[in-house]
Amino acid sequence: MHSRYQTPAGSWTHRTTFFWATTGATVGLSNLWTFPHIVGESGGGAFLLVYLACLLLLTLPLMLTEAAIGRGARHGAVLALGTLARASGAPHRWVWPGRLSVLAGFLVLSFYAVIGGICLAYVFYAAYGRLDGAGDAKLTLVLTSLVQDPAHYRSFMGWHAFFLGLVMVASMQGVVNGLERALRVVMPLFVLLLVGLLVYGIQYGNIDAAMNYLLAMRPEQLSFNGVRQGLTHAFYTLALGVGVLVVFGAYSAPTTPLKRSVLAVALFDTLIAIVAGLVIYAAVFSHQGNATQGFNLVFLALPEALSALPFGQFVTTVFFVTIVLAAWSSSIALLEPSVSWLQERLAAPRGWSVLLIGLAAWGVGLASLLSFNAWSDDTFLGGSIYRWMEMLTSTLLIPIVSVLLAFFAGWAVPDELANRLIGRGPVFVRQIWQWVIRLVLPAVILYIGVHYAIQSGGSLCSSSSPPFWCESHNEQLPSGTPEPPPPPDTMPAEPGAEPQVTPAETLQESVKGRSEEPVPDDLLYQSA
């Protein structure tokens, strides 16, 4: 048995595995049901250009940094930062960003699996015809009875455990036979299913309306708020700050072209989000539905629209299988940083490491699950257990980890070592990367985190027991000033999905009628 801190990292056997694995980590649920809505409401093609600029200039350098740290040290986040800190003569306390990233990934996994359980349940609901021909009232009842009804929380717990069990079984097989084999099969299958659904949408849906909504150039709709949403989504959608890219970089071969790979992942992630939007809105617009988002869109509007189209039951089942594949691939990626850390920390066998981390994630996830039903009345400062867990990760842990990693790579690591980590390339590319990492990224990430924290804190004021700062805040507002908006559509991981779930008391309101504009603080933003 390997001694403590000497467990070697696993490794991919194919150069392209880094691309497929990282794509699986970044393609989260928000790609399917929130990002397309942001695009459509913020200028269509004009917004996409701004979003791509945000990806290329801001988040790609950090994505490259995390992957390069892992590949250079050949360890997970904690040991990788410790190894590079020693090589750089930097203090050992630089391991703390690695520890916080593992914690952030674990917490995101704990409540992401709860949403994965809902998606998995809907595969069976659709396959057995429970959604076929259902109207708005019945679909709302199906969703609320699964998630919110205290009498049915055990059923919800079963789906949650089923989903997390599928994640654990794959991970127990190892880096090569588990992660690599699964992600190299699941992600191409996900893409094929999505393309098949797009062909179906072209044939039977209103694809022209969907393309006009998502791709038409409408620069007059582009605003500062739209640019901010582009920045926010670009940051949270790429699995940054949760240790995934570090450990996947550690598993990649030294010959893996990281710069090209992370660029390909970011562009492919965007392409998948657009294709998913075309699939969904082609069906919804064929049913004269509104351009909604989140749970309203996927669990209410879409099943109702597909039931009116040919082969509706079969297509609805395929669609929810596609969603489960996206959630499963993100979850297996989120599990890996914690498993890698436990193996390196204790030299524990992989099977036992996966079992311990998986059971811990299941236990912590139960607190999120029960906060929607049995514990829905138990709040602290206006927020449910889930709400505070989500705010901890998305407003504190992920931004702090990302800023510290940027400072570490930009200032603590010598230029020679930093250039060796990111690999050969044009001098101007390395110079741009260096200054973006040193100055631009920390400022942008701090802005995103602070803005999210302010709006998240303000959203708690609408609860039945608002926190103490709401009273003082409202007293300072001039007469006639509207209430602060709910939290922005951001993703914690992500993963991105980073996901965002509202407190249980707002679920009924968020799904009670699609004629109303859905609140941005919908049941789930992401995914990773």
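**Notebook: helix packing and selected residues**

I looked up Ala239 and found that Ala239 is buried, with a relative accessible area of 3%. I note at the outset that the model I am reading is predicted.

I placed Ala239 in the loop that joins helix H11 (224-236) and helix H12 (244-251). I then checked the backbone there: Ala239 is not a glycine, yet its phi is positive, about 60°. I recorded this because most residues other than glycine have a negative phi.

I looked up Arg74 next, which also is not a glycine and has a positive phi of about 60°. Arg74 sits in the loop between helix H4 (45-73) and helix H5 (77-88). Is Arg74 buried or partly exposed? I read a relative accessibility of 29% for Arg74, so it counts as partly exposed, the cut-off for buried being under 20%.

The axes of H4 and H12 cross at roughly 45° and come within 6 Å. I therefore class H4 as oblique to H12. I noted the crossing of H4 and H12 as right-handed. On the H4 side, I listed Met63, Glu66, Ala67, Ile69, Gly70 and Arg71 as making the contact. On the H12 side, I listed Leu245, Val246, Gly249 and Ala250.

**Entry: H11 against H19**

I followed H11 to its packing with helix H19 (residues 427-459), where the angle is about 105° and the axes are 11 Å apart. H11 is therefore roughly perpendicular to H19. From H11, I found Phe224, Arg228, Leu231, Thr232, Phe235 and Tyr236 in the contact. These meet Val444, Ile445, Tyr447, Ile448 and His451 of H19. I recorded the classes for the contact of H11 with H19 as 8 nonpolar, 2 polar and 1 charged.

**Entry: H10 against H13**

I examined helix H10 (residues 207-215) and helix H13 (residues 258-286), which pack at about 135° with their axes 8 Å apart. This angle makes H10 oblique to H13. I noted a right-handed crossing for H10 and H13. Which residues of H10 and H13 make the contact? I found Ile207, Ala209, Ala210, Met211, Tyr213, Leu214 and Leu215 on H10, and Ile274, Gly277, Leu278, Tyr281, Ala282 and Phe285 on H13. The contact of H10 with H13 divides into 12 nonpolar residues, 1 polar residue and no charged residues.

**Entry: Ser368**

I located Ser368 in helix H16 (residues 350-370). Ser368 has a relative accessibility of 0% and therefore counts as buried. Setting aside neighbours within four places in sequence, I found Ser368 in contact with Phe111, Val114, Tyr386 and Met389. I also recorded the C-alpha to C-alpha distance from Ser368 to Arg387 as 8.1 Å, the two being 19 residues apart in sequence.

**Entry: cysteines**

I looked for disulfides, taking cysteine sulfur atoms within 2.5 Å as the criterion, and the count came to 0. I checked the accessibility of Cys54, which is 8%, so Cys54 counts as buried. Cys119 is also buried, with a relative accessible area of 0%.

Conventions
Residues are numbered from 1 along each chain as its sequence is written. This is a predicted model: local features need pLDDT of at least 70, side-chain atom pairs count only at pLDDT 80 or more; totals for chains, interfaces and linings use all residues. Side-chain values use heavy atoms; hydrogens and water are left out. Axes are lines fitted to C-alpha atoms, for helices over the stretch in contact, and angles run from 0 to 180 degrees between N-to-C directions. Helices (H or I, at least four residues) and strands (E, at least two) are DSSP runs, numbered from the N terminus. Angles under 35 degrees count as roughly parallel, over 145 as roughly antiparallel, 65 to 115 as roughly perpendicular and the rest as oblique. A crossing is left-handed if the near helix is turned anticlockwise from the far one by less than a right angle, and right-handed if clockwise. Contact means heavy atoms within 4.5 Å. Ala, Val, Leu, Ile, Met, Phe, Trp, Tyr, Cys and Pro count as nonpolar, Asp, Glu, Lys and Arg as charged, and the others, Gly among them, as polar. Buried means under 20% relative accessible area, exposed over 50%, partly exposed in between (1.4 Å probe, protein chains only).
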